[in-house]
Amino acid sequence: FRPVALVPAFQAAETVGEVVDGLLRHVPEVLVVDDGSKDASGAVAARAGARVLRLDVNSGKGTAIRAGLATLLESDATHVAFVDADGQHDPADLPALLEAAREGDPFVIGSRMADREAIPAARYRTNEIGSRILSRMTGFEVKDGQSGYRVLSTNLLRQFRLSARGYSIETEILLK
């Protein structure tokens, strides 16, 4: 069991260092994909201990994730933890997701839906409706379909041919 973390980052210099530091308490490697940031996101991530892959031009979250996966799926990693660079996902929650993966779940999604106050009302409602639709489409209970906090096995990820460039990458992965 060798999980690694993949963190797409754009203009996240204020938060990415703390995210990387927290993740390295639970995984041996963090790959930050700096998606053409104009700030010091990549440098801050590197100082915190991440390996950094820099994209010259901002191309969107999906492109950053696909670039990171191209690198990580060539490694000996068994699982990839997807974590956003903006600090909305608490690295202290990662052990629970990793434990579910260790026990055999190939796809684990962290849910923000339990804390209704943490999400603006309109976004909460649209996410709730979207998650119900995704649950019907996939045949699996999906509580937070738009959560970027996930752990997937590399065996499962290698089966996907992803094409999304933006935030729709989360939905594309769920559907595939």
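Modeller: Start with Asp34 and Arg54. In this predicted model, their side chains form a salt bridge, with the closest N and O atoms 3.1 Å apart. Asp34 belongs to strand 2 and Arg54 to strand 3 (residues 51–55), so the bridge links distant parts of the chain, 20 residues apart. Asp34 is buried, at 3% relative accessibility, because the cut-off for buried is under 20%. Arg54 is partly exposed, with a relative accessible area of 41%.

Now turn to Arg2. Salt bridges with shared partners join Arg2, Glu29, Arg51 and Asp76 into one network. One of these bridges pairs Arg2 with Glu29, and their closest N and O atoms are 3.3 Å apart. Arg2 lies in the segment before strand 1 (3–9), while Glu29 is in the loop between helix 1 (16–23) and strand 2 (30–35). The pair therefore ties together parts that are 27 residues apart in sequence. Arg2 is partly exposed, at 24% relative accessible area. Glu29 counts as buried, at 15% relative accessibility.

Arg2 also meets Asp76 in a salt bridge, at 3.2 Å from N to O. Asp76 sits in the loop between helix 3 (61–72) and strand 4 (79–82), so this pair ties together parts that are 74 residues apart in sequence. Asp76 counts as exposed, at 56% relative accessibility.

Technical notes: Residues numbered from 1 in each chain as written. Predicted model: local features only at pLDDT ≥ 70, side-chain atom pairs only at ≥ 80, totals over all residues. Heavy atoms only, no water. Salt bridge = Lys/Arg side-chain N within 4 Å of Asp/Glu carboxyl O. Helix = DSSP H or I, 4+ residues; strand = E, 2+ residues; numbered from the N terminus. Buried < 20%, exposed > 50% of the residue type's maximum accessible area, 1.4 Å probe, protein only.
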